[in-house]
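We will go from stop to stop, with something to select at each one.

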Amino acid sequence: MAQDVKITIIDREGHRHEVDAPTDMNMNVMELVRAYELAPEGTIGICGGMAMCASCQCYVLNDVVLPEKTDDEEAMLSEAFHVKPNSRLGCQLAITEELDGLEIELAPES
Amino acid sequence: MIKTDILIIGAGPTGLFAVFEAGLLKLKCHIIDALPQPGGQLAELYPKKPIFDIPGFPEVLAGDLVDNLMEQIKQFQPGFTLNERAETIDKLDDGTFIVTTDKGTEHHANAVAIAGGLGSFEPRKPEIDGIASFEEKGVEYFVKNPERFRNKRIVIAGGGDSALDWSIFLTNVASEVTLIHRRNEFRGALDSVEKVQELKNLGKLSLITPAEVTALHGTDHLEAISIDHNGENRILETDYLIPLFGLSPKLGPIANWGLEIEKNAIKVNNALDYQTNIPGIYAIGDVNTYPGKLKLILCGFHEATLMCQSVYQRMNPGKKYVLKYTTVSGVDGFDGTRKEAEKAVVKAID
């Protein structure tokens, strides 16, 4: 069985959660947040993970190497609110072994 | 007053399919939707994306699924109140309902099926100080009536299809059109991007990128905006600012209808008929929740079917009915048309 990795998520209330994330279920960081119910349903992953709504925007807090942004993600972030240089869309971050130790903070709801 | 058997709130796939199942039971449906076209998320967010988990369709584009559903329910002549949001509900003494929209359209129905998905789509509003005080006074989040902008100066902010499309359209209406976007690249249909380029080259449209609106100015009405253009602060005189940053779904007024809400969804009795805590009001599709709920179109179809059977019994208490198969019974439309299987041909072999 594939190893789980540890990912730390700071929710919108500022609470910190270190969670186990499966690498073998084709999941992404947005889905991980939903699986652990760290943001209310209906406030995250609204478009289902197509980089079309930015409801899963998060700030990357450490220097874990992440996949490059696709054009879709760049375009969505250019229209989103509360965007910072370390903003990413959780739905575009596939959970792989490389993500072990990643720390993110959920951006405010907008 | 519009009268119907089942008033469906939400014209997404679940709401549309409910019309078909209701029609088989001779129940009439009317649908309210806040968007100007049917299809819900499928039409608004991802019409060109393929869906792979509709039974019997190895692959279908979301927009095509909506077209197919519209074709499937055509026989049952559903009514539509589009571009209006269901605002209030009143239960009458006889157990029927009156639902009124934000524009005052009244609907009288025996039962109400909320198929509102994630909620009604509302514009995402940029966080600019004091923007709320300029709403309806120079800040518009929709282009509902383009004539309002005739011979006016307008600024459109955004980088998606609606920002591009309205910029193109309004060059023929407004006296000045300026399009502002946070970066140089636009994500929109290629021909729209090319058209904007062409209009810019012709001097019919000003393009300011990368730029962001930072402040609004005016006394009774918007007069000017401040923008940050590549780090430089500029003031731009304008009559209107139209921020087009997409839509975000909100449960909206339905949240105040006295329904039990859990996790931003409406609790229903999934063991029986997807009825809410208020008898006669049902919730089907993504908008409802129950133990084990999955937000899938195919689950919405199932829920819609059971809801219709329940409404039939509610409207015809004690009347006997057994489930019929369309293969056997065919489909009799309210428009007088009939679909049925071809009759078997019996012929002897010499």
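In which loop of chain B is the place of Pro210(B)? Select Pro210(B) and look on both sides: the loop runs between β12 (206-208) and β13 (211-218) of chain B. Helices here are DSSP runs of H or I with at least four residues, strands are runs of E with at least two, and both are numbered from the N terminus. Now show the backbone of Thr209(B) and Pro210(B), which are joined by a cis peptide bond with omega of about -15 degrees.

Before the next stop, a word on what you are viewing. This is a predicted model, in which local features need pLDDT of at least 70 and side-chain atom pairs count only at pLDDT 80 or more, while totals for chains, interfaces and linings use all residues. Residues are numbered from 1 along each chain as its sequence is written, and chains are lettered from A and ligands numbered from 1 in the order in which they are written.

**Stop two: another loop of chain B**

Select Asn230(B), in the loop between β14 (222-229) and β15 (232-237) of chain B. Phi of Asn230(B) is near 55 degrees, a positive value in a residue other than glycine. Is Asn230(B) buried or exposed? With 11 other C-beta atoms within 10 Å, Asn230(B) is exposed. The cut-offs are 20 or more other C-beta atoms within 10 Å for buried, 12 or fewer for exposed, and anything in between for partly exposed, with C-beta atoms placed from the backbone.

**Stop three: two helix pairs in chain B**

Two packed helices are described by the angle between their axes and the distance between the axes. Select helix α1 (residues 13-24) and helix α3 (residues 62-73) of chain B; their axes come within 9 Å and cross at roughly 20 degrees. The axes are lines fitted to C-alpha atoms, for helices over the stretch in contact, and the angles run from 0 to 180 degrees between N-to-C directions. That crossing angle makes α1(B) roughly parallel to α3(B). Angles under 35 degrees count as roughly parallel, over 145 as roughly antiparallel, 65 to 115 as roughly perpendicular, and the rest as oblique.

Now show side chains. On α1(B), Pro13(B), Leu16(B), Phe17(B), Val19(B), Phe20(B) and Gly23(B) meet Leu65(B), Val66(B), Leu69(B), Met70(B), Gln72(B) and Ile73(B) of α3(B). Contact here puts the C-beta atoms of two residues, placed from the backbone, within 7 Å. By class, this contact has ten nonpolar, two polar and no charged residues. Ala, Val, Leu, Ile, Met, Phe, Trp, Tyr, Cys and Pro count as nonpolar, Asp, Glu, Lys and Arg as charged, and the others, Gly among them, as polar.

Next select helix α5 (residues 161-170) and helix α6 (residues 190-201) of chain B, whose axes come within 10 Å and cross at roughly 40 degrees. That angle makes α5(B) oblique to α6(B). Asp161(B), Leu164(B), Asp165(B), Ser167(B) and Ile168(B) of α5(B) make the contact with Ser192(B), Val193(B), Lys195(B), Val196(B) and Leu199(B) of α6(B). Coloured by class, these residues divide into five nonpolar, two polar and three charged.

**Stop four: the two chains together**

Zoom out to all of chain B, with its eight helices and 23 strands. Its C-alpha atoms fill a box of roughly 85 × 65 × 40 Å along the principal axes. Where the chains touch, 21 residues come from chain B and 13 residues from chain A. The side of chain B that touches chain A has seven nonpolar, six polar and eight charged residues.

**Stop five: chain A**

Chain A has two helices and five strands, running β-β-α-β-α-β-β from the N terminus on. Of its 110 residues, 38% count as buried.

Select Glu13(A), in the loop between β1 (5-10) and β2 (16-21) of chain A. Glu13(A) has 8 C-beta neighbours inside 10 Å and therefore counts as exposed.

Move on to Ala54(A), in the loop between α1 (29-35) and β3 (57-60) of chain A. Ala54(A) has a positive phi of about 65 degrees although it is not a glycine. Ala54(A) is buried, with 27 other C-beta atoms within 10 Å.

Last, select helix α2 (residues 71-79) of chain A, where Ala75(A), Met76(A), Leu77(A), Ser78(A) and Glu79(A) are buried.
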